[in-house]
Amino acid sequence: MKKIIKKMSVLFLSIFCVFVSLLVVEVVLRIWGPPQIRLVGTKLLLKKNITTKNSCYFDSDKIKKNIVVTKNSLGFRGPEPPENFYKHLSLVAVGGSTTECIFITEGKTWTDYLQSNLLTYFPDIWINNAGIDGHSTYGHIELMRQYVGKLRPDYVLFLVGINDMAVEGESIQDKQQISEENVIGKSIIQKIRDNSMILAFYKFQKDKKIGHDMFTMKTTIKEYNSIVNYKVLGASTDYDAVTSQDLERINNNLMAYRNRLERLVLLTKSYSIHPILVTQPAVYGFGVDDVTGIDLGNIPIVEFTEPGVTRSGKDKWMILQKYNEVTREVSSEFGIPLIDLAMEMPKSTKYFYDYIHFTEEGAQKVGEIVTKNLIKIL
């Protein structure tokens, strides 16, 4: 009996030590975890009051050196909320990487230019950038629930479309309402899983490895550099044609995108916030680039929305425009403002450092276009 008690004591002590160790790791990760971890279970984790220095992993003369990105007390880019917040005209921009602009330094993003431009017309305007690299409308819905909805700005600008092109069909997140609070009835195991920083860190490391493997499958570093820098892009590439199966898949995905976008609009309105939709521009599609002289309908497009597939610029633009058309239709359906940036943004490589992301000059141009439209809306 004594032996059994001794073994049980050792077992419980071991379990206790493991539990304490995991608890310490959990606390350490919550305090000093990698800033790239932005999701713990279903909860968004925004890093607040931090300044980071970003550098691009590929050589491009279109991206400046010494990029500084600062997040305020909300976890957004831009000025702190004013003390008399509700006396200001407030606007938050929500989107993916083309909104967050992680390779553009402070004061040079399109939301920075937007704030500066609109101050002439609205002296008490306050604008923040809540873009999150990689977020689709799934993430936008959660961002509204967990952060922006509680802030209740007057307007939210949604620059949407490109990341939703990478989303296949309808996931479980389309079919259930996910709250930032613990759902009643969840088991303890489920709650631990949904709130564990350790599991989030493991997933982050796993996804980072998968992302690297997918990248090397798509194209070599040398080829990728030549594409994003718009060096010699010939018309001899063997493109993957858009098949009837592709169109069926795209149409199914478009239906799911429409449902998410409609949910996003309704959710925003439920907070008494005015939504404004913005279509996604790209450099590819049509015309001759005024910088390189290349045919933008003929350049090879190899990127994250269709891994391992090479489309012509013309075909890729056709697919993107299907998503932009859904955005236009939802705007019309709900009677909310639309800024058709996809059609107003000039197709020039001086404005894009790759297919969709803006250079500093491009960000300034986006700021000008959005300003022009917002003056009419506001």
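**Overview**

The protein chain holds twelve helices and eleven strands. The model is a predicted one, and the average pLDDT of the protein chain is 81, with 71% of the residues scoring at least 70.

**Confidence along the chain**

- Over residues 172-186 the pLDDT falls below 50, although the model gives this stretch 26 contacts beyond near neighbours in sequence.

**Burial, contacts and surface**

- Of the 378 residues in the protein chain, 49% are buried, while the accessible surface of the chain comes to about 19100 Å², with 59% of that area belonging to carbon and sulfur atoms.
- When contacts between residues at least 6 apart in sequence are considered, 77% of them join residues at least 24 apart.

**The five-stranded sheet**

- Five strands make up an open sheet with parallel pairing, and their order across the sheet is E6-E5-E7-E8-E11.
- The edges are taken by strand E6 (125-129) and strand E11 (338-339), each of which has a single partner strand, so one side of each is left without a neighbour in the sheet.
- Strand E5 (89-95) is largely enclosed by the rest of the structure, because six of its seven residues are buried.
- E5 pairs with E6 in the parallel sense over five bridges, and within this part of the sheet Leu91 stands opposite Ile127 in E6.
- E5 is also joined to E7 by five bridges, again with the two strands running parallel, and here Ala93 stands opposite Leu157 in E7.
- Strand E7 (residues 155-159) is paired in turn with strand E8 (residues 274-278), in the parallel sense and over five bridges; Tyr155 has His274 in E8 as its bridge partner.
- As a general point, strands of a sheet pair through backbone hydrogen bonds, either parallel or antiparallel.

**Helices lying across the sheet**

- Helix H4 (residues 137-151) lies across E5, E6 and E7, and the direction in which it runs is at about 165 degrees to E5.
- Helix H9 (residues 244-270) lies across E7 and E8, running at about 150 degrees to E8.

**Loop residues with positive phi**

- Most residues other than glycine have a negative phi.
- Asn49 has a positive phi, near 55 degrees, and is placed in the loop between strand E2 (43-44) and strand E3 (50-54); its relative accessibility is 56%, so Asn49 counts as exposed, the cut-off being over 50%.
- Asn66 also has a phi near 55 degrees, a positive value in a residue other than glycine, and is found in the loop between E3 and strand E4 (67-71); with a relative accessible area of 70%, Asn66 is exposed.

**A buried loop residue**

- Glu303 sits in the loop between strand E9 (300-301) and strand E10 (311-312), and Glu303 counts as buried because its relative accessibility is 10%, which is under the 20% cut-off.
- The side chain of Glu303 is joined to the side chain of Lys316 by a polar contact of 3.3 Å.

Terms used: Residues numbered from 1 in each chain as written. Predicted model: local features only at pLDDT ≥ 70, side-chain atom pairs only at ≥ 80, totals over all residues. Heavy atoms only, no water. pLDDT = per-residue confidence, 0-100. Contact = heavy atoms within 4.5 Å. Helix = DSSP H or I, 4+ residues; strand = E, 2+ residues; numbered from the N terminus. Buried < 20%, exposed > 50% of the residue type's maximum accessible area, 1.4 Å probe, protein only. Polar contact = N/O pair within 3.5 Å; in protein donor to acceptor, adjacent residues only side chain to side chain. Areas by Shrake-Rupley, 256 points an atom, 1.4 Å probe, with all protein chains shown as cover. Pairing = 2+ DSSP bridges. Axes fitted to C-alpha atoms, helices over the stretch in contact; angles between N-to-C directions.
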